[in-house]
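Student: Hi! Could we walk through this model together? I'd like to go strand by strand and then look at the packing.

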Amino acid sequence: MTALPDYPNEVVTKALLRLVKVPGLDKPAALITLDNGLDYKKPNSFGPAGLRSLDEAITKATEAEPAFIALTGKPYIFCVGADITGMPFITQREQAVALGELGHAVFARLKNSSIPTFAFINGAALGGGLEVSLHCHYRTVSTGAAALGLPEVAIGLIPGWGGSQLLPNLIGVPGAAQVILQNPLTQKVLRPKQARELGIADELFEAADFLERSLEWATGVVKGEVTVERPEVDKDMWDGVLFFAKQQLDERLHGAVPSANKALELLALAKDASFEDGTAAETQALADLIMGDESRASLYAFDLVQRRAKRPVGVPDKSLARKVTKVGIVGAGLMASQLALLFARRLQVPVVMTDLDQTRVDKGVDYVRGQIDKMVGKGRMDEGTAAKLRGLVSGSVDKSVFADADFVIEAVFENLDLKKQIWAELEKIVTPEAILATNTSSLSVTEMAADLEHPERVVGFHFFNPVAVLPLLEIIKGERTDDATLATAFAVGKELRKSSVLVKDAPAFVVNRLLTRFTSEVFSAIDAGTPLDVVDTALDPLGLPMRPIALLQLVGPAVGLHVGETLHRAFPDRFGDSPNLRKIVDAGLPLMVDDEINPEVVKLVEGGSAPLTGDEVRRQALDALAQEIRLMLDEGVVAEAQDIDLCMLLGAGWPFHLGGVTPYLDRSGTSERVTGKRFLPPGVASVPA
């Protein structure tokens, strides 16, 4: 059999063994601590060397004949699973099989141990980290554990070290389906209390004295003074739960995510198969997925979100950033109010909103305070913090309140003349160093600043709605935006906990330009006579999070029309001006009713005599995206194709399993067919040839 290669750059998580004297026991406890020698910013993970270190520690612990063996982690981190940075070094299926078998062999020693084994989950436990704890006979979890879960499906894999077999037989298949399928696909994790309620952990202890309490509790279990009761798993509902889960997956993903389907198969197998047979199936499934394009694409997307997003390209030195001690927001509508809440929460500085009249101002401030009250009610914020935030947010009809603001952002209607008028007024009020930011979604930042005395301090700051949820922030550099302004913008973006991408001042920037080109092709097909239902389902094979009509409903047909008009004026040869979209907006009809296309919209739409098939619609839309991306890269809208992928992943919900727009266009052959070349080098986000 082909040997599993060592990962050249593996940061080895060592399993450090110490024997601990525990009151009440004649023998010591063997405590194994997982620690890669770095702080919490570099979590523990299992590569080949890390697995071998754990194997050696279990051997030494067993030889010491302790009262029990316990596994825990370094501060704040238990273990976040397999070292995925080493996946590119696995180039043969046999190597992938060896990885699965090594993890199974090491972890099974804890499950099969004649000495009681415990997992003291002191911090984040994800993927293989949670799986190793499931092999232990008992588990405690700390209230300070930031996240627990089995997120593998989200990156094109499956729980491949026992999780698909152990978890459903521990907590039942409904809970297991939630943890293995639903949570990863909705980017959710478990909190410690949830893990305890589901039965993943046997006990929940406070973080302050977690290890001491866990050792005491384990002692009680070993001495028979503590009884751990686990409800019997109901297998009568097993098949029904998985049938329902399969229906939901098909409805949402249309069979486009192989890892999700494979996880379902393994959950079904766990009902009656032996543990050995189930884990053998896991190994084969894991190997198939590791050697498939989906996992490579997902890992590429994961790397963008985890690394590139934290180190944006082209950003001036952070030492140039100016300190922000007060924020001004022009407008008090929904978007402006969301921004006010975000700035107050993250920057913890005074935030003041203005609008045309006191009624609008009061409505905006009331919205912010109402959202704060909701967070308190849900236990997501303590009353002390809430009181502070309420005091930080205020409103006024007088723009002179911006006189001492360091950062002013406008969030008013998308009208260039209106925005220019606002900045002309504000420039007479604010200090020469104050940053002027615009939340425009499509208008030129350069034109907006053209008539100002200090155009160098104007920058685009494009958020995505809902502001609190979507992590992307497009930061747009106008032709005269200076480095201090850009550095401040990126520093503020970081404080807001947004993933910022530097974008050239070009019509509609990145996400809106691509989505509008996509929508333009969709309505081109509708205008040609293609039925709405055919157009709407044409992209199903990609497994996009929303179908085109629902996406336009979310964005708002009027907003889509406005951005489309902006791009039609800039690029009339590529962006159409759909008469049907205009009719829908003029009629004021919702596109969707009860999750179905509105029948009134179907009646309203008038088509031509050249309808397309679903395959033709899909090809036309993908060809258009490839063409537009190549033009954007040639224009220097962003530094690299990776930035376009990052924007689409974080701002448009482009699926991880596709890896981003450009990897999918490369793999499908669209890039070369339309533009004559790939966007990414061969082997990036795909299996090496």
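Student: Which residue stands opposite isoleucine 69 in β3?

Tutor: That's alanine 30. Before we go on: this is a predicted model, where local features need pLDDT of at least 70, side-chain atom pairs count only at pLDDT 80 or more, and totals for chains, interfaces and linings use all residues. Residues are numbered from 1 along each chain as its sequence is written, and side-chain values use heavy atoms, with hydrogens and water left out.

Student: Thanks. In what sense do β2 and β3 pair?

Tutor: Parallel, over five bridges, with β2 spanning residues 29-35. Two strands pair if DSSP finds at least two bridges between them. Helices (H or I, at least four residues) and strands (E, at least two) are DSSP runs, numbered from the N terminus. Leucine 34 also stands opposite a β3 residue, glycine 73.

Student: Is β3 enclosed or open?

Tutor: Five of the five residues of β3 (residues 69-73) are buried, so the strand is largely enclosed by the rest of the structure. Buried means under 20% relative accessible area, exposed over 50%, and partly exposed in between (1.4 Å probe, protein chains only). Ile69, Leu71 and Gly73 cover one side, and Ala70 and Thr72 are on the other.

Student: What's the strand order in that sheet?

Tutor: β1-β2-β3-β5-β7-β9, an open sheet of six strands with mixed pairing. β1 (14-20) and β9 (203-205) are at the edges with a single partner strand each, so one side of each has no neighbour in the sheet. The twist averages 20° from one strand to the next. Here axes are lines fitted to C-alpha atoms, for helices over the stretch in contact, and angles run from 0 to 180 degrees between N-to-C directions.

Student: On to helices. At what angle do α18 and α22 cross?

Tutor: Roughly 95°, with the axes of α18 (residues 511-527) and α22 (residues 579-587) coming within 8 Å. The two helices are therefore roughly perpendicular to each other, a label for angles of 65 to 115 degrees (under 35 is roughly parallel, over 145 roughly antiparallel, the rest oblique). Phe523, Ile526 and Asp527 of α18 meet Pro579, Asn580, Leu581 and Ile584 of α22; contact means heavy atoms within 4.5 Å.

Student: How about α4, how many of its residues are buried?

Tutor: Eight of its nine, so to speak mostly covered, over residues 163-171. Just after α4, glycine 172 takes a positive phi of about 95°.

Student: Last one: which residues touch the most other members of the largest nonpolar core?

Tutor: Val408 and Ile644, out of 82 residues. Such a core is a set of buried Ala, Val, Leu, Ile, Met, Phe, Trp, Tyr and Cys residues joined through side-chain atoms within 4.5 Å. Not counting residues up to four places away in sequence, isoleucine 644 touches Val510, Leu514, Ile629, Met632, Leu633 and Val638. A second, separate core of 79 residues includes Leu51, Cys79, Leu170 and Leu286.
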